[in-house]
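Reader: I would like to learn how to read a protein model. Could you take me through it?

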Amino acid sequence: MQRSTFLRAGGGAMIVAALPPLTERALGAELVQYTLTAAPVPFSPVPGLNFAGLGYNGSIPGPLLRVVYGQRLRAKFVNNTGQGSTIHWHGMILPNKMDGAEGVTQPAVPPGGSFVYEFSPEPPGTRWYHDHVSDGMLRGLFGMIVVEDPRDQKADAEFALVFHDVPKPGSARAAMMGVSTAPMVDPPASPELREMAPDDKMGDEIAFIAHCINGASYPNTKRLPVKVGQHVRLRILNANPTQTRYVRLAGHRLIVTHSDGNPLPKPLEVDALRVGVAERYDAWFEVSEPGSWLLQGLSSDPLGYEQAAVVHTPGMENASPLSSPQSLEGVDYFTYAKAGGAGSAVPAKGAKHYDFTLGGGQYGSSRWTINGKTYPNTPRIDVRRNDLVTVRFTNKTDMDHPMHLHGHVFEVTEVDGVALARPLPKDTSLVRANEGTLSWRFRADSPPGRWLLHCHNAIHMMDGMMTDVVYTT
Ligand SMILES: [Cu+2]
């Protein structure tokens with residue numbers, strides 16, 4: 001894997017702060033066992049806010065799970081939520097019956113029931129797990145799982161950060177009906193706001209009443225201690241159900257090395273990350289001087305300041321941290337085009353090709369469509385083992401769509417008509433609004449079965465923007 005000079009300069013002992021090191025015994029074990037018990041969790045990230053959440057093992061987000069690539073995972077899921085639930089292992093290639101897609105790979109685990117998920121987690125990288133039945137994910141049933149890659153450059157410090165938000169009760173239901181009154185709160189100068197016509201009436205936004213990192217809101221978020229000279233790795237997940245997040249660390253550039261846990265063909269240095277719903281990015285920075293800096297999720301929401309955490313060197317715990325404006329004006333943020341570079345299209349000889357037009361989402365409508373249809377009437381992708389498949393999305397709506405494929409890593413080969421010189425390995429990719437296009441290429445070499453392909457915006461998914469890839473032989 002290619003690394004920049006900056007990263008090669010790193011190394012030294014791994015000082016893990018937010019990520020507790022596995023014990024020697026666990027590292028030596030072939031099997032890692034966890035129990036995940038989902039149950040109601042009263043969640044109060046800010047004083048006076050009492051959200052009736054659901055969480056794994058009593059917390060939102062659920063516990064950070066860690067395995068070393070090559071170890072087997074056995075996760076016993078106990079469902080005490082009072083409603084049906086499953087666990088989907090997002091970004092994993094695993095036996096189909098372990099995928100946790102309710103109604104497709106297994107029935108919902110009933111209230112009081114349990115289910116054992118067991119598989120060898122792959123590929124290595126920053127992945128996550130979440131409910132795949134109803135509103136469980138909206139209420140807090142999600143967490144990060146890191147499959148450590150022994151080939152990775154060792155970080156001096158490493159932080160696993162789940163960016164998540166608390167929905168206003170009832171607002172998801174209004175959004176599903178297309179009659180939500182919640183405004184868009186993307187940061188000023190963001191493409192999301194620029195893509196909206198001034199007279200556009202949005203009906204599909206969820207309103208959020210608190211913004212969090214790892215279960216807390218600023219100033220109560222956990223501090224992230226670093227030391228001068230360290231090379232620090234951030235693993236960042238956007239667990240928001242509907243909104244893209246821009247993430248910035250004041251006073252620093254970030255070197256992005258992995259998208260959705262997969263090594264980028266070439267690391268990219270940026271001011272800020274652009275993290276679509278369900279996407280993950282691994283980004284590194286170097287601590288070159290003593291200080292205190294805010295790591296922020298940017299937003300035009302008046303409560304947006306809550307999604308921040310202080311990164312500081314020793315003795316700077318109580319210094320006023322350097323912060324970034326909430327605007328994207330003049331900010332060099334991550335895009336697929338920058339990471340992949342412009343190239344010429346490589347013909348995918350013998351590929352089965354699909355054109356998917358993303359549509360729907362009229363005000364007052366509860367239909368989000370693929371080729372004019374809602375799931376399960378959408379066109380499905382039938383594959384035989386080892387088929388090469390290409391999919392081209394064209395987005396006719398005025399919202400971006402984070403399209404996700406279960407059980408595979410695809411390559412993004414084209415964005416808005418420009419072929420990428422270095423295709424990006426991902427499991428979720430944003431298709432730009434208003435005639436944006438994006439192409440995937442993947443090999444049907446995962447375990448046989450039915451693998452969902454859907455928009456990861458929870459509202460769009462529940463309103464029908466979904467299909468599946470079916471192995472016929
Ligand atoms: Cu969507």
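This is a predicted model: local features need pLDDT of at least 70, side-chain atom pairs count only at pLDDT 80 or more; totals for chains, interfaces and linings use all residues.

Author: Residues are numbered from 1 along each chain as its sequence is written.

Reader: Into which domains is the chain divided?

Author: Domain bounds come from an automatic or database domain assignment. Here they give domain 1 (16–149), domain 2 (165–340) and domain 3 (352–471). Between the C-alpha centres of domain 1 and domain 3 there are 25 Å. Twelve residues from domain 1 and 13 residues from domain 3 make up the contact, where two residues count if their C-beta atoms, placed from the backbone, lie within 7 Å.

Reader: Where is there a cis peptide bond?

Author: One joins Ile 60 and Pro 61, with omega about -5 degrees. Pro 61 sits in the loop between strand 2 (51–56) and strand 3 (65–68); strands are DSSP runs of E, at least two residues, numbered from the N terminus. The bond from Tyr 218 to Pro 219 is also cis, with omega near 10 degrees.

Reader: Is Asn 214 buried or exposed?

Author: A residue is buried if 20 or more other C-beta atoms lie within 10 Å of its own, exposed if 12 or fewer, and partly exposed in between, with C-beta atoms placed from the backbone. Asn 214 has 20, so Asn 214 is buried. Its phi is positive, near 50 degrees.

Reader: What is the case for Asp 416?

Author: Asp 416 is partly exposed, because 14 other C-beta atoms lie within 10 Å. Phi of Asp 416 is near 50 degrees.

Terms used: Helices (H or I, at least four residues) and strands (E, at least two) are DSSP runs, numbered from the N terminus.
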